[in-house]
Amino acid sequence: MAKKQTAGRDALGDFAPKFSELNDDVLFGEVWSRESKLSARDRSMITCASLMSQGLFPQLEAHMKMAKANGVTKDEIVEIITHLAFYAGWPKAWSAFDIAKKIFH
């Protein structure tokens, strides 16, 4: 990822500075930047699948936007959600589709 992540500092910098630092510098700065190991597109698909499976929909919405920016297509996100419906639960798939429709429509 070429763009430096600042969401942690923007949202929690004064309140939880260490967490903000870990979020922006370690998770997004170090882990997400290891594109020789796994592309940002693939990381986005994995992250969206994990968040949907856990029912973490506010975070899923932010990561679906990132996934789209990282090249994940509407057809791919639809297939991911459809596949996970059988493993994570039908209601979670419905909720994920509501988010995906807003972002990928």
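This is a predicted model: local features need pLDDT of at least 70, side-chain atom pairs count only at pLDDT 80 or more; totals for chains, interfaces and linings use all residues.
Helices are DSSP runs (H or I, at least four residues), numbered from the N terminus.

Which residues make the contact? Helix 5 gives Ile77, Ile81 and Phe86, among others. Helix 6 gives residues including Trp90, Phe97 and Phe104. Contact means heavy atoms within 4.5 Å. The contact residues divide into 12 nonpolar, one polar and two charged.

Next comes the largest pocket. About 350 Å³ of space lies there. A pocket is an open set of points on a 1 Å grid where a 1.4 Å probe fits, with protein on both sides within 12 Å along at least five of seven lines. Its lining has 16 residues (an atom within 4 Å of a point). Leu27, Phe28, Thr47, Leu51 and His63 lie nearest the centre. Helix 2 (17-31), helix 3 (40-54) and helix 4 (57-69) each give two or more lining residues. Eight of the lining residues are nonpolar, six polar and two charged.

Now the charges. The structure holds eight salt bridges (a side-chain nitrogen of Lys or Arg within 4 Å of a carboxyl oxygen of Asp or Glu). One of them joins Arg9 and Asp25, at 2.7 Å from N to O. Arg9 sits in helix 1 (residues 7-12) and Asp25 in helix 2, 16 residues apart.

Residues are numbered from 1 along each chain. Local features need pLDDT of at least 70, side-chain atom pairs count only at pLDDT 80 or more, totals for chains, interfaces and linings use all residues, and side-chain values use heavy atoms, without hydrogens and water.

Methods: Grid points are joined across faces, edges and corners, and a volume is the space filled by probe spheres set on the points. Ala, Val, Leu, Ile, Met, Phe, Trp, Tyr, Cys and Pro count as nonpolar, Asp, Glu, Lys and Arg as charged, and the others, Gly among them, as polar.
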